[in-house]
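Subject: Handover of a structure and the findings on it

Dear colleague,

Please find the structure for your review below. My notes on what was found in it follow directly after.

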Amino acid sequence: SGQVIVEMAAASGLILEPEDQRKIMTATTFGTGQLIKAALEAGHKIIYVAIGGSATNDGGIGMAQALGVSFLDRNGNEAGFGGQVLQNITSIDMTGRNPLVGQAEIIVMCDVDNPLYGPRGAAAVYGPQKGATPLQVSLLDDGLRHLGELVKNQLNKDNSEIPGSGSAGGLGFGLISFADARMSRGIEMMLDLCGFDEKIRHADLVITGEGQIDRQSAYGKVLAGISKRALIYNVPVIAVTGSIGEGAEELYRHGIRAISSAVCRPMDVREAIKNSDKLIPDATERIMRAIALGMDLGKDKF
């Protein structure tokens, strides 16, 4: 068909690293670039890159390095890999980029609208969940800001404020800057592909979920995308989650009517994941019992 989907999490994702071994400063998107290169060499002309669940914060330079782009330090040497080298980059050399990149359409499937840097940027919002300390968040944010300025001044591309450029540790920015990709709302594309609108026309309730619901869940992710569609048809949405984090109440302003935690007692993440096949159905049963109670309370008793 000439089309292929590349999932960056399969090569550069949090799922590949135990929580106590996450090293955000050195994590690289190079493996994602290798997957894109393989897709190009296989002859695919339309490449969708799904960029959720990353362990990285390198602004996409690793992906670009795998495609032949060079990031040089003040001595003219390769700066290296990972977010820790961003501030050492003084020049970007695109001459070695794989020519196949220019012969294909690369589409970024992205569910968040964060800019590259700043209070809502890649490092500040997503760095802590990838193991970054407050000092590392500051260093990474400075590095992404530096990379954004380099791209603006040397490549004449001002992409750092584009919604989604801060997704996946800045991989969104890297793809549009170094691989001429275009951004697309991943959740909107997936909802269209699965015929969501037709299904919801006949629904009374939508139950969806996310591993942890917190403030960032409102930044255009799956929950917000689903609730936005559901609002069009006036169908209520309830979200089931593993844990409820700070700022989760913002989802109520985006159409989520209720949030229910599947974790019903103190347990660590590993135990919660191991028992998810029981915890999620139990949480769903509690939701439906609450709905049944509400229906009973609303009945005319006379």
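In helix 2, the buried residues include G31, T32, G33, I36, A39 and L40, where buried means under 20% relative accessible area, exposed means over 50%, and partly exposed lies in between (1.4 Å probe, protein chains only). From its first C-alpha to its last, helix 2 reaches 16 Å with twelve residues, close to the 16 Å expected at 1.5 Å a residue; the expected span is 1.5 Å times one less than the number of residues. Just after helix 2, G43 has a positive phi of about 95°.

Please note that this is a predicted model, in which local features need pLDDT of at least 70 and side-chain atom pairs count only at pLDDT 80 or more, while totals for chains, interfaces and linings use all residues. Residues are numbered from 1 along each chain as its sequence is written, and side-chain values use heavy atoms, with hydrogens and water left out.

Aromatic pairs

Three aromatic pairs are found in a search of the whole structure. Rings of Phe, Tyr and Trp (its six-membered ring) pair if their centres lie within 6.5 Å, and planes under 30 degrees apart count as stacked, over 60 as edge-to-face and the rest as tilted. F30 and F81 make an edge-to-face pair, at 5.6 Å centre to centre with 90° between the planes. Because F30 belongs to helix 2 (residues 30–41) and F81 to the loop between strand 3 (70–72) and strand 4 (91–93), this pair ties together parts that are 51 residues apart in sequence. F30 counts as partly exposed at 25% relative accessibility, and F81 counts as partly exposed at 43%.

The ring centres of F71 and F178 are 5.1 Å apart and their planes are at 80°, so this pair is edge-to-face. F71 lies in strand 3 and F178 in helix 6 (residues 171–178), so the pair ties together parts 107 residues apart in sequence. Both F71 and F178 are buried. Ring pairs link F71, F173 and F178 into a cluster.

Salt bridges

A salt bridge is taken as a side-chain nitrogen of Lys or Arg within 4 Å of a carboxyl oxygen of Asp or Glu, and the count comes to 13 salt bridges. One of them joins K157 and D180, with the closest N and O atoms 3.1 Å apart. That pair links distant parts of the chain, 23 residues apart: K157 is in the loop between helix 5 (134–154) and helix 6, and D180 is in the loop between helix 6 and strand 6 (182–185). D180 counts as partly exposed at 44% relative accessibility.

R229 and D197 also meet in a salt bridge, at 2.6 Å from N to O. This pair links distant parts of the chain, with R229 in helix 9 (residues 222–232) and D197 in helix 8 (residues 196–200), 32 residues apart. R229 is buried at a relative accessible area of 9%, and D197 counts as partly exposed at 24%.

K278 and D282 form a salt bridge whose closest N and O atoms are 2.8 Å apart. Both residues lie in helix 11 (residues 276–297), four residues apart, about one turn of the helix. K278 is exposed, with a relative accessible area of 54%, whereas D282 is partly exposed, with 26%. Salt bridges with shared partners join E188, D192, D197 and R229 into one network.

Surroundings of D141

D141 is found in helix 5 and is buried, with a relative accessible area of 12%. Not counting residues up to four places away in sequence, D141 touches Y117, G118 and A123. The C-alpha atoms of D141 and G121 are separated by 7.5 Å, and the two residues are 20 residues apart along the chain.

Kind regards

How values were computed: Helix = DSSP H or I, 4+ residues; strand = E, 2+ residues; numbered from the N terminus. Contact = heavy atoms within 4.5 Å.
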